[in-house]
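Welcome! Open your viewer, get the selection tool ready and follow along one stop at a time.

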Amino acid sequence: MIVARFRPDVLIDEQSRLAAGWRHRGHRSFRCRVGHRTLVTFPDLAAASPEGERFLTVLRATRAVESVVDSAESPPLGSLAAVGEPTAVQVSEDWTVGGGRFTWIAGPCAVESQAQLTAVAGEVRAHGAQLLRGGAFKPRTSPYAFQGLGQEGLRLLAEASAATGLPVVTEVVDSAQVEAVAEVAQVLQIGARNAQNFALLREVALTGRPVLLKRGFGCTVQEWLHSAEYLLAAGNSQVLLCERGVRTFESATRFTLDISAVSLVKRLSHLPVLVDPSHACGRADLVAPLAAAAAVAGADGVMVDVHQDAHGALCDGQQAITPEEFGALVTRTSRILHSIDPTEPVADHAMAGR
Ligand code: PEP
Ligand code: MN
């Protein structure tokens, strides 16, 4: 698909005027601002067709257009080739996901109580997390399982965020909750089960908030990237992709973490890529090696389930690690990253242990 990049000095009015002209010639276009650039794509034009070739010549001669690519392997607005470099997503005043810094997101699978969340939020922060995770609305397989605290869970997340300064990532499972979740969460999570709920994707995109988009466990890489494209085509480029395991014939682990997808998507897409090893393997003892593997494969960060009392957890206790284990994981992974790339900073506690 053809995707062009406007020159940075081209104002929105001029972009709109050009888009109106293209539309007049019968070509729909979709625009998305990505960092300081604006991309525009023409979904109805195949670059290889005679009409596409004619239009490519027109585009290349348009002063407002800086570059044009035929994005064959990746959906256009998410295409790394179109932007030219990986992008980063600012999630709070002082933290950006991507851009070369490794991000740790940690917290309980579900918010269970004030005591649980306050304690674990403080612990994960002390052990190196930059964002707090925790589900208030839980998409459970069984209708009889704990469904999350809902609105009360959001209130507790807001409280924990205020106490620790950590921005919050929490899942939104229904269009009706988007507004309430956006009031509390700096990052809105779309879960694996909703990865192709296109109405919800559009709704969440319109908040303008960063979105953490899990890969559906039955989705191919292309389907996952197209889900992200729904967010981008709606004008929201603040997208974090998160690999969380796919369903395969293998039943020894909960899902199968698709490490190759991490390296592949880093080549196809400009968006940051995160990995959730906890939901992928469903076993606490595999979280650390899989997190390290994700980091080495090129992930921009990892999201892990952390709980002080895994046996008493109301959701996914079998895959939760303790705050201390989380600290050890941060240290070990940062040492591994530093050994591969000496410019990579070593976590403070790793330095202390030297
Ligand atoms: C979660 O992160 O809480 C979750 C439910 O994950 P997933 O959507 O990947 O199953
Ligand atoms: Mn879970």
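Predicted model: local features only at pLDDT ≥ 70, side-chain atom pairs only at ≥ 80, totals over all residues.

Residues are numbered from 1 along each chain as its sequence is written, chains are lettered from A and ligands numbered from 1 in the order in which they are written, and side-chain values use heavy atoms, with hydrogens and water left out.

**Stop 1: ligand 1.** Select ligand 1 and show its surroundings (a heavy atom within 4 Å); among the residues there are Arg 133, Glu 171, Gly 191 and Asp 276. Now look for polar contacts, pairs of N or O atoms within 3.5 Å. For Ala 192, a backbone N or O atom lies 2.7 Å from an oxygen of ligand 1.

Stop 2: Select ligand 2, the manganese ion, and find its protein donors (N, O and S atoms within 2.8 Å of the metal, or 3.2 Å for Na, K and Ca; water is not among the atoms, so sites may look incomplete). They are Cys 109 (SG), His 279 (NE2) and Asp 316 (OD), 1.9 to 2.3 Å away. Cys 109 and His 279 sit 170 residues apart.

**Stop 3: Asn 194.** Finally, select Asn 194 and display its contacts (heavy atoms within 4.5 Å). Leaving aside residues up to four places away in sequence, Asn 194 touches Val 172, Val 173 and Leu 200.

Methods:
Polar contact = N/O pair within 3.5 Å; in protein donor to acceptor, adjacent residues only side chain to side chain. Helix = DSSP H or I, 4+ residues; strand = E, 2+ residues; numbered from the N terminus.
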